[in-house]
Amino acid sequence: MRSLQHTKVSHCAGTQLCRQRHVARLSRKDTSRLIDPQHVPLNSSKIGYSSVGGKKRAGSVSVRTTGALGTAQAVGVYSFVRESIDPVVLTSTTSASLKLLIICMAVRWLSESGRIPVNTSVVLAQVSFQLLIPCMLFVKVVSILAMQSDPGLLVGMAVAAVTQIGVGAFWGRLLSPLVDEDSMSSFKIAGWAPFAKKKASTTVAEATSKAMGVPHATAALLPKPEKASAGYKSLIAAACAFQNSFTLPAVFLLSLLPGAIADRAVAYLGLYLLAWSPCLWSFGLYSIQRGYQRDQGMGQTFSWSQMLKGTMNPPVIAVVLAVCLGLTPIGQSIFSTGSMSTAGIVLPFELSIVSFGLQNVYEVVEMLGGGTLAIQTLVLAASLLQPADGAPPKRAPGILGEIKSFFKSESLAETRAICVLGIVRFILAPTTAILLFRMLSQMTLFSTVLSDPIFLFVVAVQSVMPSAQNLLIALQLNQVTQGAAPELARLLLKLYALAILPVTIWVTGFASRLAIPLV
């Protein structure tokens, strides 16, 4: 009797084990049977154990399905970015950043080998500001005004330049306090403080001070915030407002557009420069110097006479003279071909001698203006190596060490400054400018100008350019601001390296939206 019961129990256990193995095989072969309600058996009493297995398998499939959706989304984003990148645009941005890096390496070797003096950046900045930049501005402005006398186009480009400077300055003034930890913690958007200090550190400091029996020591126990000077904030705001307005856009336009369209676009760049340059060398220069003067207890009050005195500098005077000459009938007849020429004009002998002398003077001015870009790049490279405190610059061992030390931020303020510049120059400035120009296109005054796709493409490219190298020259002009030049040089080099991807995506989108033919 006992053996019979033992046999029955063994038989039942064996049957149960076979059923479990059978369900396991079904779950491996066809998971959909356990998920699809149409394949669920009606007799739950016989398949109670399979429902447990079904839940486990369903959970596994749910995880796999979520992972598949995430992979599909990642593939979609990758496809969108890939379609938004034009190889020609990507090559141009990478080439521009690579050229800056090569020049910096060459200047570093010259500086460390003692072939150039330490104050090279200061001397080159003065030469560029006093001589080369005025020559370049005079040549470009007078030739463009002589060839392009459409007042609507001149007004439209001036409005575009001032508008984009105002947009960058607005976002720069709003976000530049974020480079300072105190201002960052008190920064609010509609009552929301996203960067407010966490209460944990305050609670720990209060508890520690009470335990020590010195309740007034709470402030001393809190972590010391990293302060940023008023001059540094004004510099970041100016870097948000003034972008690279000619050299880098010219590289893009000449490499992307066909010959005739490229020449027209570069001429539009000159018109843009006509309004942009006086703003930089007047309001931009004054705001930077005034910020650093406030740090030293100077220039606490605003003075219009002081600002006007500072703005009447060589670049602004050159633009004023070029405008006066380019808008006159004599200037338009002489510079109608883009260069000074008196061919076809009959002159008396005395005036022909004067014309010959002026022709040579103009050619010298044109030659000096042609070297502006090279000197600006050398100022950038030399400023990067300029010691801020008189000590020799530190050098990391090996090439990898150099690259790592270059991308490593020297302070939290520098990291925040890079973030602010990147957000403003590559996200907020182009987005806001596009919205504003869409509004202006509805006005009759600007409808004709804004209907030109080449005009819109030039203005759109300007809105996404990184900060101007001329800001370094502005810093080198005054002893109060010279100490900030190395830090700005590092910021600009990092910003130009970070600009490769966003600039490529934006410019490709602009060209596609405006149906601009590319090379």
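**Exercise 1. Find which backbone nitrogen the side chain of Asp452 reaches, and at what distance.**

Solution. Step 1: locate the residue. Asp452 sits in the loop between helix H20 (444–447) and helix H21 (453–463). Helices here are DSSP runs of H or I with at least four residues, strands are E runs of at least two, and both are numbered from the N terminus.

Step 1: find the atom pair. The side chain of Asp452 reaches the backbone nitrogen of Ile454 at 3.2 Å.

Step 2: check the setting. The model is predicted: local features need pLDDT of at least 70, side-chain atom pairs count only at pLDDT 80 or more, and totals for chains, interfaces and linings use all residues. Residues are numbered from 1 along each chain as its sequence is written, and side-chain values use heavy atoms, with hydrogens and water left out.

**Exercise 2. Decide whether Asp452 is buried or exposed, and name its contacts beyond four places in sequence.**

Solution. Step 1: Asp452 has a relative accessible area of 14%, so Asp452 is buried. The cut-offs are under 20% for buried, over 50% for exposed and in between for partly exposed (1.4 Å probe, protein chains only).

Step 1: leaving aside neighbours within four places, Asp452 is in contact (heavy atoms within 4.5 Å) with Arg264 and Tyr268.

**Exercise 3. Work out how many residues of H21 are buried, and what covers them.**

Solution. Step 1: nine of the eleven residues are buried. Among them are Ile454, Phe455 and Phe457.

Step 1: the cover includes helix H6 (151–175), H11, helix H12 (259–295), helix H19 (412–440) and helix H24 (500–513).

**Exercise 4. Summarise the whole protein.**

Solution. Step 1: count 24 helices and zero strands.

Step 1: buried residues make up 40% of the 519 residues.

Step 2: of contacts between residues at least 6 apart in sequence, 82% join residues at least 24 apart.

Definitions and conventions. A polar contact is a pair of N or O atoms within 3.5 Å; within protein, one must be able to donate a hydrogen and the other to accept it, and residues adjacent in sequence count only if both atoms are side-chain atoms.
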